[in-house]
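Reader: I'd like to learn how to read the core and the charged pairs in a model like this one. Can we go through it together?

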Amino acid sequence: MWTLWKTQNSRLLLDDSGWSQRRPTVDDLVWTAVYVRHLQVTDFRSWPHADLALEPGTSVLVGANGQGKTNLVEAIGYAATLGSHRVSSDAPLVRDGAQRAVVRTAVVNHGRELLVELEINPGKANRARINRM
């Protein structure tokens, strides 16, 4: 397994036997960056409930316009930044008729998993839970 480390002047590969100075190729790399393994939303935007299992690498959401693809991407962004790139307040994030929205993510970083649960309460304090089972 290779891990890519970038320094100011070069890229280094760390393998099982030690450091290597050669430039990595696509075949050498194993994605070791942070990734979302699981996303679950309840009453977030247009979704009464959605549950997605994700893999490392690129994921593609396919569907007709207005079906909620961007809402799922926004939920991941919200979990990462505690804010929306589309609105300035949290109220529009809660589905019409619902009192709150919940975004749950399982995030993996170098094999370690972190569970993040965010409860969005318009007009009240939001709640965040980390590693709650």
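Author: Let's begin with burial: buried means under 20% relative accessible area, exposed means over 50%, and partly exposed is in between (1.4 Å probe, protein chains only). Arg45, for one, is buried, at a relative accessible area of 17%. Keep in mind that this is a predicted model, where local features need pLDDT of at least 70, side-chain atom pairs count only at pLDDT 80 or more, and totals for chains, interfaces and linings use all residues. Residues are numbered from 1 along each chain as its sequence is written, and side-chain values use heavy atoms, with hydrogens and water left out.

Reader: Which residues touch the most other members of the largest nonpolar core?

Author: A nonpolar core is a set of buried Ala, Val, Leu, Ile, Met, Phe, Trp, Tyr and Cys residues joined through side-chain atoms within 4.5 Å. The largest one here has 15 residues, and Leu39, Val41, Phe44, Ala75, Val103 and Ile120 touch the most other members. Strand S4 (35-44), helix H1 (69-81), strand S6 (101-109) and strand S7 (112-120) each give two or more residues, with H1 giving the most, 4 residues. Those elements are DSSP runs numbered from the N terminus: helices are H or I with at least four residues, strands E with at least two.

Reader: How many salt bridges does a search of the whole structure find?

Author: Side chains of opposite charge can pair when their charged atoms come close. The cut-off for a salt bridge is a side-chain nitrogen of Lys or Arg within 4 Å of a carboxyl oxygen of Asp or Glu. The search finds 8. In one of them, the side chains of Glu74 and Arg45 meet at 3.0 Å, N to O. That pair links distant parts of the chain, with Glu74 in H1 and Arg45 in the loop between S4 and strand S5 (47-53), 29 residues apart. Glu74 is buried, with a relative accessible area of 1%.

Reader: What does the side chain of Ser84 make a polar contact with?

Author: A polar contact is a pair of N or O atoms within 3.5 Å; within protein, one must be able to donate a hydrogen and the other to accept it, and residues adjacent in sequence count only if both atoms are side-chain atoms. Ser84's partner is the side chain of Glu74, at 2.4 Å. Ser84 sits in the loop between H1 and S6 and counts as buried, at 19% relative accessibility.
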